[in-house]
Amino acid sequence: SPPQTWYTASAGTPLPPPPGSVQGPFRVAELAEMLAAGVIGGATLVTAGTASVYDDVEDDKEGGLEVDTGMWRPMAEVRMLKWQLLSTAGLPVSPAQHAR
C-alpha cells in the first residue's frame, strides 16, 4: 500500500537534510493543499513516512533524529506521490498521464 505520510525539505537542501529543515509528517491531502497554495513544488525534497529513522551518536547529544537519507527525492520524481496527489484532487488520470 502507498505511504500514508510524507516528510518534506526545501529544494536545494543538502542531503541529509539537517533535522531543523525537515517538516512533517504530512498526509497526502495536506501536501495537495500545500502544492495548490504554492508552499511546495516539484523541486521540494520528499521522503515517505515509512522510511527508517535512526539516531546518530552526535545528533543524540542535541536530541535530533534524521530520516533515512537514501530515500529523499524531488517531489516531481516520486511517481507514487504524484499518483496519490492526483487521486486526492479527484482528477481523472490516464495511464499515459501517470507515466510522465
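Me: Which residues of strand β3 are buried, and on which sides?

Reply: In a regular strand the side chains alternate between the two faces of the sheet. Here β3 spans residues 45-48 and both its faces are covered. L45 and T47 are buried on one side, V46 and A48 on the other. Buried means under 20% relative accessible area, with a 1.4 Å probe and protein chains only. Strands are DSSP runs of E, at least two residues, numbered from the N terminus. This is a predicted model, where local features need pLDDT of at least 70, side-chain atom pairs count only at pLDDT 80 or more, and totals for chains, interfaces and linings use all residues. Residues are numbered from 1 along each chain as its sequence is written, and side-chain values use heavy atoms, without hydrogens and water.

Me: In what order do the strands of the sheet stand?

Reply: Strands of a sheet pair through backbone hydrogen bonds, either parallel or antiparallel. Two strands pair if DSSP finds at least two bridges between them. Here 4 strands form an open sheet, β2-β1-β3-β6, with antiparallel pairing. β2 (23-27) and β6 (73-74) are at the edges with a single partner strand each, so one side of each has no neighbour in the sheet.

Me: How many bridges join β1 to β3?

Reply: There are 4. Y7 stands opposite T47 in β3. Another 3 bridges join β1 (residues 5-9) to β2, where F26 is the bridge partner of W6. Between β3 and β6 there are 2 bridges, and L45 stands opposite P74.

Me: Over which residues does pLDDT stay under 50?

Reply: Where pLDDT is low, the predicted coordinates should not be read in detail. pLDDT is the predictor's confidence in each residue, from 0 to 100. The stretch under 50 is residues 51-66. The protein's mean is 76, and 65% of its residues reach 70 or more.

Technical notes:
Contact = heavy atoms within 4.5 Å. Buried < 20%, exposed > 50% of the residue type's maximum accessible area, 1.4 Å probe, protein only.
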